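Biologist: Could we go through this model together? I would like to start with one residue and then turn to the chain as a whole.

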Amino acid sequence: MWRCALPPLLRYPTVDELGARAAALVARRPRDARLRRVGTSRAGTPLWLLSVGHGSRQALVVAGPHANEPVGGATVLRLAERVLADPRLHEGADATWNLLLCLDPDGLRRNEGWLHGPYALGGYFRHFFRPGFLEQPEWLPDGADAATLPETRALLDLQDELRPFLQCSLHGVDVGGGFVELTHDLPGLAQRVAHTAARLGIPRELGPYDTLYWPELGPAVYRIPRPRRGDLAAAITEAAVESTWFHPHRHGTVTAVVEAPMWGVPAVEDGAPHADEETVLRMVSHTLRHDTGVLERLLARLRPHLPAGPETARLFAPVDDYLLVCPGLADTWDPDLEDPGGERPLPPLSTAHLAALRIAGRRLALRTAGLLHQLVTGAGRDPARVLPELDRLLDEWCEDYRDGCGARWIPVARQVEYQSRVVLAAFELAARYAPAGSRSGESGWNAGAAVPMHRE
């Protein structure tokens with residue numbers, strides 16, 4: 001059996017390394033693998049598609065949709081090796097694997113300060129970058145026809161060209177556990193996820209913050225509700241807008257969003273009821289409200305001293321997004337505040353849900369502090385004298401992740417193996433529902449009325 005000569009990845013690949021390793025793989029197997037440019041980023045970086053096999057049924061795997069989630073790039077390289085080594089995955093399945101190496105290469109480049117390690121929470125958040133919501137290429141807040149980002153247009157064109165029976169979007173959870181989001185149920189996937197997670201020591205997230213109001217298809221597997229129009233805050237926190245996940249539905253595509261954790265937290269796997277839910281909710285909401293106030297005061301001191309320009313605006317956009325959503329989330333989670341409209345009651349919460357909410361609140365504060373830290377260090381001076389306080393907050397909040405939540409680093413090779421196995425399971429299960437040819441308009445495939453997420 002053929003083996004790929006490329007050494008295994010023990011760290012996250014950079015944008016340039018992704019392209020180089022893909023090109024080396026194609027050079028070794030030119031009959032079975034191809035590499036083509038399918039678009040160009042805003043900064044002029046090529047968007048590369050690695051295709052393996054020559055089958056009539058197309059699978060599309062998208063790596064790097066979020067700039068701070070680099071595991072997907074390593075995963076697509078691993079998948080290419082697996083598929084080339086096992087003809088059952090391409091010839092036997094009459095399938096072609098189309099692997100987009102990175103959807104947001106410009107954003108990934110901005111994370112290269114931590115990509116190669118050492119992998120520590122403080123280093124990660126001090127070098128963290130993720131663009132503002134409107135600059136993230138998977139989202140279509142104004143619909144597909146109005147999409148202007150070149151990365152988004154490239155992905156939409158690729159979906160319409162390939163008409164894939166399966167699309168996998170590869171994401172990473174910085175702190176928490178692994179889970180999967182589906183636009184259509186794949187019966188049996190939850191069992192595959194459980195088996196893979198147990199074998200690799202990956203905690204499954206049984207109550208992710210992202211899916212708080214979403215239907216559960218099985219432990220750690222959730223159904224993505226149809227998009228709905230709403231305000232920006234809801235869109236940022238719930239993915240409650242049209243997206244490239246749902247765009248290929250017209251072609252009969254099932255999309256699987258596969259989340260793999262970097263730092264695992266055992267508590268996110270505890271589905272038992274909590275002894276004192278209200279106390280935890282009160283602590284989480286009050287903490288987020290307090291931290292938001294601290295960050296807003298630091299931002300007010302810092303903002304007048306920063307030069308105007310694209311670099312400052314690029315960092316301010318996600319800061320403003322995070323500070324926009326924090327107060328509303330704190331109010332939603334606070335058991336002492338009544339919901340006058342009764343529109344967003346919290347669902348029943350397990351220990352896993354409460355752990356995920358605590359992690360999410362801390363994440364928003366840490367990301368904001370990290371971006372403010374970069375604004376100061378990038379300027380090369382600190383006239384507002386905020387850097388010492390930002391360093392203290394980053395150290396204190398990262399310590400809470402380590403000691404308070406029990407966050408522990410998961411080696412890159414294990415993250416990649418977990419994500420690869422989940423994608424392969426989704427491929428096998430989706431193929432059972434996708435005979436050769438288009439599934440456009442097939443009755444029952446992802447059918448159902450659009451329902452607001454918090455109503456499902």
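**Notes on the model**

Modeller: Thr292 lies in helix H9, residues 277–302; helices are DSSP runs of H or I with at least four residues, strands are runs of E with at least two, and both are numbered from the N terminus. This is a predicted model, in which local features need pLDDT of at least 70, side-chain atom pairs count only at pLDDT 80 or more, and totals for chains, interfaces and linings use all residues. Residues are numbered from 1 along each chain as its sequence is written, and side-chain values use heavy atoms, with hydrogens and water left out.

Biologist: Is Thr292 buried or exposed?

Modeller: Thr292 is buried, because its relative accessible area is 5%; buried means under 20%, exposed over 50%, and partly exposed in between, with a 1.4 Å probe and protein chains only.

Biologist: What does Thr292 touch?

Modeller: Not counting residues up to four places away in sequence, Thr292 touches Leu323, Cys326 and Pro327, where contact means heavy atoms within 4.5 Å.

Biologist: Now Thr255: where is it?

Modeller: Thr255 is in strand E9, residues 254–264. Thr255 counts as buried because its relative accessibility is 0%.

Biologist: Which backbone oxygen lies 2.8 Å from its side chain?

Modeller: That of Trp245, which lies 2.8 Å from a polar atom of the Thr255 side chain. Leaving aside neighbours within four places in sequence, the contacts of Thr255 include Gln167, Glu181 and Trp245.

Biologist: Changing topic, which residues touch the most other members in the largest nonpolar core?

Modeller: Leu50, Val61, Trp97, Leu189, Trp333, Tyr401 and Phe427 do so, in a core of 121 residues. A nonpolar core is a set of buried Ala, Val, Leu, Ile, Met, Phe, Trp, Tyr and Cys residues joined through side-chain atoms within 4.5 Å. Helix H11 (residues 351–379) gives the largest share of this core, 13 residues.

Biologist: And what does Leu189 touch?

Modeller: Beyond four places in sequence, Leu189 touches Val180, Leu182, Val422, Ala425, Ala426 and Leu429. Apart from this core lies another, of 13 residues, among them Leu206, Ala220, Trp245 and Phe246.

Biologist: How many helices and strands are there?

Modeller: The protein chain has 13 helices and 10 strands. Of its 456 residues, 59% are buried.

Biologist: Where does pLDDT stay under 50?

Modeller: Over residues 437–456, for which the model has 49 contacts beyond four places in sequence; pLDDT is the predictor's confidence in each residue, from 0 to 100. Where pLDDT is low, the predicted coordinates should not be read in detail. The protein chain averages a pLDDT of 91, and 89% of the residues score at least 70.

Technical notes. A polar contact is a pair of N or O atoms within 3.5 Å; within protein, one must be able to donate a hydrogen and the other to accept it, and residues adjacent in sequence count only if both atoms are side-chain atoms.
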